[in-house]
Amino acid sequence: RGQNEYDNWHDSGVALNASRTFYLPPNKRVCQDCHMPPEPAPLGDVAAKNGMVRSHRFIAVNTALPHIRGDEDTIKRIEAFLRDNRLRIDVFALQRERTEGVSETVLALDKTQPPLRTGEKVTFDVVVRNKDVGHTFPGGTNDSNEGWIEFTVLDAKDRVLYKSGSVGEDGYVDPAAHYFRALVVDRHSEPIRRRNAPDMYAAVYMNVIGPGTAHTVHYSVEVPELPGESVKVRARLLWRKFDRGYTEFAFNTNRQGFKRFEKCPDLPITEICRAEVTLAIASPGESAPTPREVDAGALASDWMRFNDYGIGLFLQSDTKGAEYAFAEVARLAPKRIDGPRNLARVALSDGNLPAAYEQLLRCEELVSNDPQTAWFWGVLLQEDGRYVEAASAYKRVLQRFPDDRATWRNLGRTYYLDGKFEEAIEALNEVLRIDPEDRVAHYHVMLSARTLGRTELAESAEAAYLRYKIDESQA
């Protein structure tokens with residue numbers, strides 16, 4: 001599988017098929033809801049209802065093709081689509097050494113306004129949240145897509161002090177920028193630059209943001225010699241449909257398709273969203289700068305920003321940082337289940353089963369028998385060897401999320417561990433109904449069928465597993 005938006009969507013909260021999602025929207029959405037919204041049909045289209053018809057423009061992110069044909073109207077539509085609260089960027093936190101060997105993390109910089117000290121090294125944490133994209137951002141042809149963060153520190157007169165992610169005069173983006181794309185190489189470890197799919201061998205990285213998740217990026221700088229002044233820290237999420245290298249390749253090999261251009265065109269660069277904070281630099285002789293005290297009530301409405309920060313750290317396997325952020329969520333929004341449930345998620349990741357029990361019991365006090373929380377109960381009970389209870393928890397999940405492939409998979413695994421091999425095969429067949437290429441399901445069907453002496457089924461499951469399993473030579 002290469003370009004596969006369907007599974008990204010289907011196995012997500014957007015499709016209401018994933019109990020383990022961080023955010024669950026109120027209603028299920030399908031591709032047409034975003035890419036084919038109703039628009040006026042002034043010419044009386046026969047498919048129109050109440051004067052509206054589904055748009056067939058299928059507006060998405062490709063600003064390259066309309067630029068090549070000089071279609072400014074479509075570019076404006078695409079840019080409006082991209083900027084319609086789809087993603088959010090936030091200069092949210094900083095980390096610094098407070099005293100020798102003691103670090104400090106300050107969150108919600110726009111509210112706490114921590115002063116900086118000349119010469120100190122500070123790491124700014126920028127959070128990008130996928131708010132309203134029904135699949136990963138970016139999606140599609142990620143070997144040639146180009147999304148990235150432009151991170152800038154400016155003085156009071158808007159002079160650039162530090163910058164990552166600038167575009168050079170040659171049209172290429174700073175190679176040290178933080179990208180949202182994929183880097184794929186051929187058998188000789190050379191990057192794929194011409195969309196030459198037959199030569200794709202392995203992915204070095206695939207940096208994307210899943211639906212309803214977040215991504216945290218760290219930028220370390222040294223505070224400049226500007227005592228008594230301030231600095232502006234700005235982050236912009238930028239997008240260009242094709243990187244410069246691929247654009248040059250396409251132009252040089254198909255001049256006929258670029259009739260409007262005498263030289264390689266500069267494709268549009270779209271600012272999807274931006275954020276900035278202004279922080280003061282302490283004057284010489286001032287006492288050690290401390291953040292502004294902000295009470296929990298004033299920050300309560302920002303609980304989701306803390307949650308996004310924790311999500312980004314958690315997905316980077318920084319469970320200690322995530323635990324700190326999610327604890328703040330629990331403090332700021334004590335009536336919401338998000339804080340303790342995400343703390344349970346962290347505890348499970350760390351293998352801390354007692355802490356997971358504690359947090360899930362807190363969840364039950366807030367919302368009893370919640371189907372999303374039931375997923376984490378299932379994982380915990382399965383890890384603790386309490387297979388009957390784990391199966392019961394997974395069945396509770398499936399009452400609300402009948403097409404949750406991960407839950408069916410875990411249920412099948414639980415039955416297998418409990419020696420209930422027929423039930424395991426039945427559950428795993430539900431996974432294969434959703435995704436006939438699920439290698440984990442095929443593997444456990446193979447093991448269960450062998451135990452039952454069902455040779456024909458075991459052989460067919462083994463053949464499917466060997467076909468779809470990860471090529472370990474590329475891992």
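Me: Are Phe92 and Phe306 buried or exposed?
Reply: Both Phe92 and Phe306 are buried. Keep in mind that this is a predicted model.

Me: What kind of aromatic pair do Phe92 and Phe306 form?
Reply: Their pair is edge-to-face. The rings sit 5.1 Å apart, centre to centre, with 90 degrees between the planes.

Me: Where in the chain do Phe92 and Phe306 lie?
Reply: Phe92 is in strand S3, residues 87-99. Phe306 is in helix H8, residues 303-314. They are 214 residues apart, and the pair links these distant parts of the chain.

Me: Which residues do ring pairs link into a cluster with Phe92?
Reply: Phe306 and Tyr309.

Me: How many aromatic pairs does the count come to?
Reply: The count comes to 15.

Me: OK, another pair. Why is the pair of Tyr357 and Trp377 called tilted?
Reply: The planes of Tyr357 and Trp377 are at 55 degrees, so the pair is tilted. Planes have to be over 60 degrees apart to count as edge-to-face, and under 30 to count as stacked. The ring centres of Tyr357 and Trp377 are 6.1 Å apart.

Me: What does that pair tie together?
Reply: Tyr357 lies in helix H11 (residues 353-366) and Trp377 in helix H12 (residues 371-383), so the pair ties together parts 20 residues apart in sequence.

Me: Why does Tyr357 count as buried?
Reply: Its relative accessible area is 18%, and buried means under 20%. Trp377 is buried too, with 15%.

Me: New topic: charges. Which residue lies over the face of Phe242?
Reply: Lys241, at 5.2 Å from the ring centre.

Me: And what lies over the face of Phe401?
Reply: Arg400 does, at 5.0 Å from the ring centre.

Me: Let's switch to helix H10. How many of its 13 residues are buried?
Reply: Eleven of the 13 are buried, so H10 is largely enclosed by the rest of the structure. The buried residues include Asp338, Pro340, Arg341 and Leu348.

Me: What do the buried residues of H10 pack against?
Reply: They pack against H8, helix H9 (319-332), H11 and H12.

Me: What span should H10 have, and what does the model give?
Reply: At 1.5 Å a residue, the 13 residues of H10 (residues 338-350) should span 18 Å. The end C-alpha atoms are 18 Å apart, which agrees.

Me: What happens just after H10?
Reply: Gly351 takes a positive phi there, of about 75 degrees.

How values were computed. Residues are numbered from 1 along each chain as its sequence is written. This is a predicted model: local features need pLDDT of at least 70, side-chain atom pairs count only at pLDDT 80 or more; totals for chains, interfaces and linings use all residues. Side-chain values use heavy atoms; hydrogens and water are left out. Rings of Phe, Tyr and Trp (its six-membered ring) pair if their centres lie within 6.5 Å; planes under 30 degrees apart count as stacked, over 60 as edge-to-face and the rest as tilted. Helices (H or I, at least four residues) and strands (E, at least two) are DSSP runs, numbered from the N terminus. Buried means under 20% relative accessible area, exposed over 50%, partly exposed in between (1.4 Å probe, protein chains only). A charge sits over a ring if NZ of Lys or CZ of Arg is within 6 Å of the ring centre and within 35 degrees of the ring normal. The expected span of a helix is 1.5 Å times one less than its number of residues. Contact means heavy atoms within 4.5 Å.
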